[in-house]
Amino acid sequence: MTPVTFNNNVLRDGHQSLAATRMKTEQMLPVCETLDNWGFGALETWGGATIDSGLRFLDEFPFDRLDALKKACPKTPHMMLLRGQNIVQYAHFPDDVVEAFIKTSAKHGMNIFRIFDALNDARNMKCAIDACKKAKATAHGTICYTSSPVHSVEKFIEMGKELAEMGCDGIVIKDMAGLIPPMDASAIVSALKKAITIPVWIHTHDTAGLGASTYMAAIDAGVDAIDLSVSPFANGTGQPDVVRMLALMKDHPRCPKVSDSQMADLKEMRLHLEKVYKELDSFTSHQNEIVDSDTLEYQVPGGMLSNFRTQLKEQKMEDKFDEVFREIPVVREALGWIPLVTPTSQIVGMQAFLNVKFGRWKQISPQAADIALGYYGRTPAPVSEEIQKIAEKQMGKAPITCRPVEAPNAEHKHMEDLRKELKAKKMPSDDEHCVIHAMFPAQLEQHYKNKEKPKAGVGMPDKVAAPAPAKAAPVAQTSAPLSENARRYALTINGEAMEVQVEELS
Ligand code: CO
């Protein structure tokens with residue numbers, strides 16, 4: 001029997017899930033050689049929140065990190081998480097920007113693009129998949145797992161087939177919340193393996209304590225690869241640890257053969273990463289390290305839970321925790337049972353909060369209104385007509401059914417516009433800077449200014465040592481200016497910031 005392939009996600013999901021995406025490149029480099037030589041199928045090193053967080057909090061230019069990690073891990077394929085038409089942001093970007101991002105990332109050594117859409121709308125993934133093929137990179141079509149009255153094994157298989165037909169080189173079942181029960185994973189994997197011929201991978205989290213058991217069931221069902229991590233950036237809200245998975249798989253016919261020296265290497269990596277974990281102390285939390293029963297009760301990602309706990313406290317709404325979480329299925333149903341993954345987890349979380357704070361649907365965030373109007377894509381089930389009407393009135397625009405990036409009156413900055421803007425700012429205007437400028441203009445400019453400053457050795461705040469800002473900086477695409485009695489709410493969910501402005505009802 002073919003051994004299952006182990007991937008390693010410590011340099012991306014590991015610290016995104018357990019340390020608010022704050023691991024610096026220099027903290028990664030000491031384990032790179034060992035990681036690269038270990039025999040993993042792929043290393044997740046970039047993408048997801050690492051690009052935003054690295055630029056925003058660590059003052060690292062994203063492509064510099066990719067170059068450094070590629071140089072330090074030249075043998076194993078690198079993989080990244082890409083939100084389809086959103087690239088690594090929340091908004092939709094025009095096709096030429098998506099294409100340029102993928103082409104440029106592939107040029108810097110990115111091998112596998114794990115492409116998903118928060119609504120599981122494959123139309124939002126097509127441009128990225130095509131761009132991967134063009135760049136001779138590997139396109140992995142990703143299905144976001146979620147449970148709802150409208151989701152079934154058949155529905156996921158349909159999507160798997162659609163992605164395979166679109167030319168994907170592999171399919172990934174992405175269980176961002178760690179909520180997939182082992183038997184569900186088994187059913188989806190076996191049905192996919194029968195329906196398609198390309199490899200099937202699975203990605204989960206150990207938030208609810210299911211991760212390793214889910215992997216076992218998926219392995220028995222024939223999954224080709226699983227995502228793991230290295231402790232202490234493993235388990236809890238992260239991926240199961242390699243050592244633990246090996247122990248669980250002992251004598252299993254698909255257990256990879258691992259030598260004593262490989263075991264020693266795992267320990268060596270863990271010892272270094274334990275030091276890093278201590279250095280990132282202000283971003284780690286006990287809550288993320290344990291099995292979170294609330295995640296099973298509320299069926300939401302662990303990251304949402306931990307951030308909400310903190311932020312409801314700041315709003316002096318701790319007593320409303322249960323109420324806010326009970327509101328999540330109400331919001332999901334109204335918005336067509338969308339999965340909870342960036343950015344929909346932030347949007348649904350925020351709307352649940354607004355419903356509890358101001359009364360149900362008294363305030364609708366612009367983002368939730370956009371989902372209701374089709375501006376994020378096709379929802380798994382129809383949106384509530386009542387909510388769509390409120391949204392239409394509030395946003396002053398009609399619902400759409402086309403691919404969101406082709407929405408009428410959509411204002412897009414294309415590569416040539418971005419280049420012009422950078423030139424006007426006297427900043428570098430190569431493709432690398434253009435694609436980052438498209439997504440994080442303010443952060444890129446700040447990074448550039450910091451770089452230009454003479455290095456006096458003083459005055460630069462130590463950003464890593466500072467505590468996590470409770471209220472995150474606004475994301476790039478802010479909405480209309482605030483009126484006098486408007487209030488800003490910022491929530492950080494899954495390590496990613498989102499801000500909403502609402503008129504306080506008096
Ligand atoms: Co994940």
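Before I turn to the chain, a word on naming: helices here are DSSP runs of H or I with at least four residues, strands are runs of E with at least two, and both are numbered from the N terminus. With that naming, D251 is found in the loop between helix 10 and helix 11 (260-279).

What we are looking at is a predicted model, in which local features need a pLDDT of at least 70 and side-chain atom pairs count only at pLDDT 80 or more, while totals for chains, interfaces and linings use all residues. Residues are numbered from 1 along each chain as its sequence is written, and side-chain values use heavy atoms, with hydrogens and water left out.

Let me start with the chain as a whole. There are 21 helices and 10 strands in it, and of its 506 residues, 59% are buried, where buried means under 20% relative accessible area, exposed means over 50%, and partly exposed lies in between, with a 1.4 Å probe and protein chains only. The chain exposes about 20300 Å², of which carbon and sulfur atoms supply 53%; these areas come from the Shrake-Rupley method with a 1.4 Å probe, and for residues only the protein chains shown count as cover. If we take contacts between residues at least 6 apart in sequence, 74% of them join residues at least 24 apart, a contact being heavy atoms within 4.5 Å.

Now to the metal. Which residues coordinate the cobalt ion? They are D13, through OD, together with H203 and H205, each through NE2, at 2.1 Å; donors are N, O and S atoms within 2.8 Å of the metal, or 3.2 Å for Na, K and Ca, and since water is not among the atoms, sites may look incomplete. Along the sequence the donor residues are spaced D-x189-H-x1-H. Distant parts of the chain are linked here, with D13 in helix 1 (residues 10-18) and H203 in strand 7 (residues 200-203), 190 residues apart. D13 has a relative accessible area of 4% and is therefore buried, and H203, at 1%, counts as buried too.

Staying with helix 1, this is also where S17 is found, and because its relative accessibility is 13%, S17 counts as buried. Leaving aside residues up to four places away in sequence, S17 touches the cobalt ligand H205, as well as T237, G238 and N288.

In helix 2 (residues 25-37) we find T25, which is buried with a relative accessible area of 9%. T25 touches E60, R65 and A68, again not counting residues up to four places away in sequence, and its C-alpha atom is separated by 7.7 Å from that of L69, 44 residues apart along the chain.

Helix 3 (residues 50-58) is mostly covered, with 9 of its 9 residues buried, and among them are D52, R56 and F57. What follows helix 3? That residue is D59, whose phi is positive, near 55°, although D59 is not a glycine, and its place is in the loop between helix 3 and helix 4 (62-72).

Next, two helix pairs. The axes of helix 5 (residues 95-107) and helix 6 (residues 126-134) come within 9 Å and cross at roughly 40°, the axes being lines fitted to C-alpha atoms, for helices over the stretch in contact, with angles running from 0 to 180 degrees between N-to-C directions. The two are therefore oblique to each other: angles under 35 degrees count as roughly parallel, over 145 as roughly antiparallel, 65 to 115 as roughly perpendicular, and the rest as oblique. Their contact is made by D95, V98, E99 and I102 of helix 5 with C127, A128, A131, C132 and K134 of helix 6.

For helix 8 (residues 182-195) and helix 9 (residues 211-220), the axes come within 8 Å and cross at roughly 30°, and these helices are therefore roughly parallel. P182, A185, S186 and V189 of helix 8 make the contact with S213, T214, A217 and A218 of helix 9.

Finally, the backbone. Most residues other than glycine have a negative phi, and most peptide bonds are trans. D251 has a positive phi of about 70° although it is not a glycine, and with a relative accessible area of 70% it is exposed. The peptide bond from S231 to P232 is cis, with omega near 5°, and P232 sits in the loop between strand 8 (225-228) and helix 10 (242-248). Another cis bond joins T342 and P343, with omega about 5°, and P343 lies in the loop between helix 15 (321-334) and helix 16 (344-358).
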